[in-house]
Amino acid sequence: NITVNNDAGNCSAVVTYTAPNDPCATVTQTAGLPSGSAFPVGTTTNTFSATNLAGTVTCSFTKTVLDAENPTITCPGQVTINTDAGQCTSTGAIGTATGTDNCAAPTITNDAPANFPIGNTTVTWTSTDAANNSVTCTQIVTVVDAEDPVVTCPGDVTINTDAGICTSTGAIGTATGTDNCGVPTITSNAPANFPIGNTTVIWTATDGAGNIDTCHQIVTVVDAEDPVVTCPGDVTINTDAGICTSTGAIGTATGTDNCGVPTITSNAPANFPIGNTTVIWTATDGSGNIDTCHQVVTVVDSENPVVTCPGDVTINTDAGICTSTGAIGTATGTDNCGVPTITSNAPANFPIGNTTVIWTATDGAGNIDTCHQIVTVVDAEDPVVTCPGDVTINTDAGICTSTGAIGTATGTD
């Protein structure tokens, strides 16, 4: 057997060998290729037979040609592509590498990502032939962000003058911005103090690549200042003992005004019901300007119901069986928020002996109370015996008594 590499540039190799010879027989090649032929990549089996008057014999050997020649590859040139619309990556076309091979068209692959990030990415292209010989080349793919950010201005706004002066440092809101490559920087030309009248504020969003977008907001300053009210935080309080409402403390709103102390009022009820109540707090100044805020007051029922068990009870087994369905009574329950649901773990049939029944009262808020009742089942039912019939038997042989069979009584219970 012979193994050789392919001839350069070919998918085969010219192989010479010495053919078998027998001066006393006729030698014939029955398979394979003659010596000096171009053997293809792979294994070729050469078979010869020799025939004489004694018969025919055969022999075989292999010629294996290995493809040891790498394919070629040519990378596409360096390329610059833009980010996709709305994205900070790109799926732009980067071209395709080409390759040749001495045996067949090689397989071209690359390690390019599905989405190229901003900046430079080195793509490695690989040409692989059927014998798994491979060669690589590289390509630089540059992604740039040419997409402007988007800025959204706050709405036009009217603000009051600051206390006692003819300008305002009131809040005008803040523009928001989006960009395909992160959060843009937001700036504006807003003055530190706005004069009376209209001022046009130009808001600018600038992204990391220096792309910009602008929008305009009109700020109107008027001399009319409302008080400011601050609500207490949302609060959760329990129902009062024994009732389904609450008079719990909820705090008090506070207020400030440029012209004195405003009056604080609210629409809070005297008794808060179960659930959420929105309390509106109002600050009113001497000029009738008002400000409001909202506080959510949540009343929860954390009071357990009260369950009262029936007394311990003794009951007989039912007729003919060893368990009882006798009456054991029913527990009763009360709750501060309605009638609780009464349940128990009592079995359908009580066994002989003591069974502890747990009675549970559950109210609408899921609060529970339990009590215990002992149910004792006793067997007060007599068994029943049935005698065999009257019988006449003979004395045993030679004696004046008898051990003859008389039958057996049966019984149930």
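Q: Which residues form one aromatic cluster?

A: Rings of Phe, Tyr and Trp (its six-membered ring) pair if their centres lie within 6.5 Å; planes under 30 degrees apart count as stacked, over 60 as edge-to-face and the rest as tilted. Here the cluster consists of Y17, F39, F48 and F61. This is a predicted model, in which local features need pLDDT of at least 70, side-chain atom pairs count only at pLDDT 80 or more, and totals for chains, interfaces and linings use all residues. Residues are numbered from 1 along each chain as its sequence is written, and side-chain values use heavy atoms, with hydrogens and water left out.

Q: How many aromatic pairs does the rule give?

A: The count is four aromatic pairs. One of them joins Y17 and F48 edge-to-face, at 6.5 Å centre to centre and 75° between the planes. Y17 sits in the loop between β2 (12-15) and β3 (26-31), while F48 belongs to strand β5 (residues 42-52), so this pair ties together parts 31 residues apart in sequence. Strands (E, at least two residues) and helices (H or I, at least four) are DSSP runs, numbered from the N terminus.

Q: Why is the pair of Y17 and F61 edge-to-face?

A: The ring centres of Y17 and F61 are 5.2 Å apart and the planes stand at 75°, so the pair is edge-to-face. F61 lies in strand β6 (residues 55-66) and Y17 in the loop between β2 and β3, so parts 44 residues apart in sequence are tied together.

Q: Is F48 buried or exposed?

A: Buried means under 20% relative accessible area, exposed over 50%, and partly exposed in between (1.4 Å probe, protein chains only). F48 is buried because its relative accessibility is 6%. Y17 is likewise buried, at 12%, and F61 is buried at 14%.

Q: With which residues is T199 in contact, leaving aside neighbours within four places in sequence?

A: Contact means heavy atoms within 4.5 Å. On that basis, T199 touches P191, F194, Q217, I218 and V219, its neighbours within four places in sequence being left aside. T199 is part of strand β21 (residues 197-206), and its relative accessibility of 16% makes it buried.

Q: In what order do the four strands of the open sheet lie?

A: Strands of a sheet pair through backbone hydrogen bonds, either parallel or antiparallel. Two strands are taken to pair if DSSP finds at least two bridges between them. The order in this open sheet is β32-β38-β37-β35, with mixed pairing. At its edges are β32 (313-316) and β35 (341-344), each pairing on one side only. Between β35 and strand β37 (residues 353-362) there are four bridges in the antiparallel sense; T341 has T362 of β37 as its bridge partner.

Q: Why is the protein more spread out than a compact globule?

A: The protein has zero helices and 40 strands. Its radius of gyration (taken over C-alpha atoms) is 51 Å, well over the 22 Å that the globule rule (2.2 Å times the number of residues to the power 0.38) gives for 413 residues, so the protein is more spread out than a compact globule. The C-alpha trace spans about 145 × 120 × 15 Å along its principal axes. Of the 413 residues, 29% count as buried.
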